[in-house]
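User: I'd like to learn how to read a fold from its strands, helices and cores. Can you take me through one?

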Amino acid sequence: MATALIALGSNLQQPETQVSKAIAVLASTPGLSLIKASSLYATAPVGYDNQPDFINAVVQVATEMPAPQLMQLLLDIEQTFGRERPFPNAPRILDLDLLDYDGIQLDTELLKLPHPRMHERGFVILPLAEIVPDFVLPQGQTVVEWTTEHPHDDVRKLNPN
């Protein structure tokens with residue numbers, strides 16, 4: 001059984017509801033077992049500013065699916081929620097990113113593991129620190145150590161799940 005970390009985000013069509021529904025879908029998906037889910041966090045958009053703020057969370061799951069199959073499942077779930085990709089960093093109903101899969105390194109067209117920019121994103125790091133504070137980033141620091149050195153004041157924790 002592998003352990004995977006998945007980031008969730010939404011900024012369209014009641015984003016808090018979209019993220020909460022996506023967590024429920026992941027928890028009820030055959031082949032996945034939800035271990036932990038973070039609180040929800042509000043964040044300003046990155047890359048394309050002319051859009052609503054995002055709601056984000058991170059979940060930890062156990063699975064026997066190989067990483068590429070899990071990534072394809074995440075893409076399929078995005079599609080069922082109505083995800084469109086008109087341009088990079090566009091507003092979205094749901095975004096699911098596979099952050100880590102049992103610590104493996106992978107670099108394919110479909111999937112890069114660990115996620116190459118997770119340490120740069122407060123909307124990933126803070127929820128990650130909440131549920132797996134001892135998780136070691138590729139830079140060699142735990143997420144808690146990283147957040148101590150790199151505060152993310154632009155990320156606001158909402159009421160716990």
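We'll go through strands, then helices, then cores.

Analyst: Some ground rules before we start. This is a predicted model, where local features need pLDDT of at least 70 and side-chain atom pairs count only at pLDDT 80 or more, while totals for chains, interfaces and linings use all residues. Residues are numbered from 1 along each chain as its sequence is written, and side-chain values use heavy atoms, with hydrogens and water left out.

User: Let's start with strands. Which way do the residues of E4 point?

Analyst: In a regular strand, side chains alternate between the two faces of the sheet. Helices (H or I, at least four residues) and strands (E, at least two) are DSSP runs, numbered from the N terminus. Here Phe 54, Asn 56, Val 58, Gln 60 and Ala 62 point one way from E4, and Ile 55, Ala 57, Val 59, Val 61 and Thr 63 point the other way.

User: Are the residues of strand E4 buried or exposed?

Analyst: Buried means under 20% relative accessible area, exposed over 50%, and partly exposed in between (1.4 Å probe, protein chains only). In strand E4 (residues 54-63), 10 of the 10 residues are buried, so the strand is largely enclosed by the rest of the structure.

User: Which strand is joined to E4 by 9 bridges?

Analyst: Two strands pair if DSSP finds at least two bridges between them. Strand E1 (residues 2-10) runs antiparallel to E4, with 9 bridges, and Ile 6 has Val 59 as its bridge partner in E4. Strand E2 (residues 32-37) also pairs with E4 in the antiparallel sense, over 5 bridges; there Leu 34 stands opposite Val 61. Strand E3 (residues 41-43) is antiparallel to E4 too, over 3 bridges, and Tyr 41 is partnered with Asn 56.

User: On to helices. Which residues of H2 are buried?

Analyst: An α-helix has 3.6 residues a turn, so residues three or four places apart point the same way. In H2 the buried ones are Ala 67, Leu 70, Met 71, Leu 73, Leu 74, Ile 77 and Glu 78. They cover an arc of only 155° around the axis (taken from the directions from the helix axis to the C-beta atoms), which puts them on the same side of H2.

User: How many residues does H2 have, and what span does it reach?

Analyst: The expected span of a helix is 1.5 Å times one less than its number of residues. Helix H2 (residues 67-80) has 14 residues and reaches 20 Å from first C-alpha to last, close to the 20 Å expected. After H2 comes Gly 82, with a positive phi near 95°.

User: What does the side chain of Gln 18 reach?

Analyst: A polar contact is a pair of N or O atoms within 3.5 Å; within protein, one must be able to donate a hydrogen and the other to accept it, and residues adjacent in sequence count only if both atoms are side-chain atoms. Gln 18 sits in helix H1 (residues 15-28), and its side chain reaches the backbone oxygen of Gln 13 at 2.9 Å. Gln 18 counts as buried, at 10% relative accessibility.

User: Last one: how many residues are in the largest nonpolar core?

Analyst: A nonpolar core is a set of buried Ala, Val, Leu, Ile, Met, Phe, Trp, Tyr and Cys residues joined through side-chain atoms within 4.5 Å. The largest has 31 residues, and those with the most contacts inside it are Ile 6, Leu 8, Leu 26, Leu 70, Leu 74 and Leu 98. H2 gives the most to this core, with 6 residues. Apart from it lies another core, of 16 residues, among them Ala 7, Leu 99, Phe 123 and Trp 146.
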